[in-house]
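This report was prepared for readers who wish to relate the sequence to its fold. The sequence and the structure are shown first.

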Amino acid sequence: MVLSADQNGSRKEFIDFAKGADLLMMPAAIDDDADAQSRFLHATPSVVGKIAAQIHPKMLVLDHFMGRSLKDKDKNVAIIQRYYHGPVFAGRDLSCFPLSH
């Protein structure tokens, strides 16, 4: 399991580190139309999708939703799924995501 803290997707080292993860957890804090300051702090859905596609985990769990990303949550998840074709889940407190052996 790899948990990504807030990031904007600019560190290739993260992708190398996380490759082969069964579960990748990434923030879904902003939308693709976010301002420059927000993009500096967080990855857009397009970037999350591209990162997940490169890491290729068995599943992607999204967390750290904020008001802006929640307004169009389904649209943002669809953008992520354009790039990452595995299962995508919206995490919340006390969520469980069983991993197969």
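The model is a predicted one.

## The sheet

Four strands form an open sheet in the order β1-β2-β3-β4, with parallel pairing. The edge positions are taken by β1 (2-3) and β4 (88-90); each has a single partner strand, so one side of each is left without a neighbour in the sheet.

Strand β2 (23-27) is joined to β3 (59-63) by five bridges, and the two run parallel. In this pairing Leu 23 stands opposite Met 59 of β3. On the other pairing, β3 and β4 are linked in the parallel sense over three bridges, and Leu 62 stands opposite Ala 90 in β4.

Strand β3 is largely enclosed by the rest of the structure, because five of its five residues are buried. Met 59, Val 61 and Asp 63 point one way from the strand, while Leu 60 and Leu 62 point the other way. In a regular strand the side chains alternate between the two faces of the sheet. Asp 63 is thus a charged residue type among the buried residues of β3.

## Helices α3 and α5

Helix α3 spans residues 45-55, and its buried residues are Pro 45, Ser 46, Val 48, Gly 49, Ile 51, Ala 52 and Ile 55. Against which elements do the buried residues of α3 pack? They pack against α1 (12-18), β2 (23-27), β3 (59-63) and α5 (73-83). Just after the helix, His 56 takes a positive phi of about 55°.

Both α3 and α5 lie across strands of the sheet. Helix α3 lies across β2 and β3 and runs at about 165° to β2. Helix α5 lies across β3 and β4, and its direction is at about 155° to β4.

Two packed helices are described by the angle between their axes and the distance between the axes. For α3 and α5 the angle is about 35°, and the axes are 7 Å apart. The crossing of α3 past α5 is right-handed. On the α3 side the contact is made by Pro 45, Ser 46, Val 48, Gly 49, Lys 50 and Ala 53, and on the α5 side by Asn 76, Ile 79, Ile 80 and Tyr 83. These residues divide into six nonpolar, three polar and one charged.

| Residue | Location | Relative accessible area |
|---|---|---|
| His 42 | loop between α2 (36-41) and α3 | 9% |
| Ser 46 | helix α3 | 14% |
| Ser 69 | helix α4 (residues 67-71) | 2% |

His 42 is buried because its relative accessible area is 9%, and buried means under 20%. Its side chain makes a polar contact with the side chain of Asp 6 at 3.5 Å. Leaving aside neighbours within four places in sequence, His 42 is in contact with Asp 6, Gln 7, Asn 8, Ala 29, Ile 30, His 64 and Met 66.

Ser 46 belongs to α3 and takes part in the contact of that helix with α5. Which residues does Ser 46 touch, not counting those up to four places away in sequence? They are Asp 32, Ile 79 and Tyr 83. With Asp 32 there is a polar contact between the two side chains, at 2.5 Å. Ser 46 and Ala 36 are 10 residues apart in sequence, and their C-alpha atoms are 15 Å apart in space.

Ser 69 counts as buried at 2% relative accessibility. Beyond its neighbours within four places in sequence, Ser 69 is in contact with Ala 28, Ala 29, Ile 30 and Asn 76. Asn 76 is also one of the α5 residues in the contact with α3. Ser 69 lies 28 residues from Leu 41 in sequence and 14 Å from Leu 41 in space, C-alpha to C-alpha.

Definitions and conventions
Residues are numbered from 1 along each chain as its sequence is written. This is a predicted model: local features need pLDDT of at least 70, side-chain atom pairs count only at pLDDT 80 or more; totals for chains, interfaces and linings use all residues. Side-chain values use heavy atoms; hydrogens and water are left out. Buried means under 20% relative accessible area, exposed over 50%, partly exposed in between (1.4 Å probe, protein chains only). Contact means heavy atoms within 4.5 Å. A polar contact is a pair of N or O atoms within 3.5 Å; within protein, one must be able to donate a hydrogen and the other to accept it, and residues adjacent in sequence count only if both atoms are side-chain atoms. Axes are lines fitted to C-alpha atoms, for helices over the stretch in contact, and angles run from 0 to 180 degrees between N-to-C directions. A crossing is left-handed if the near helix is turned anticlockwise from the far one by less than a right angle, and right-handed if clockwise. Two strands pair if DSSP finds at least two bridges between them.
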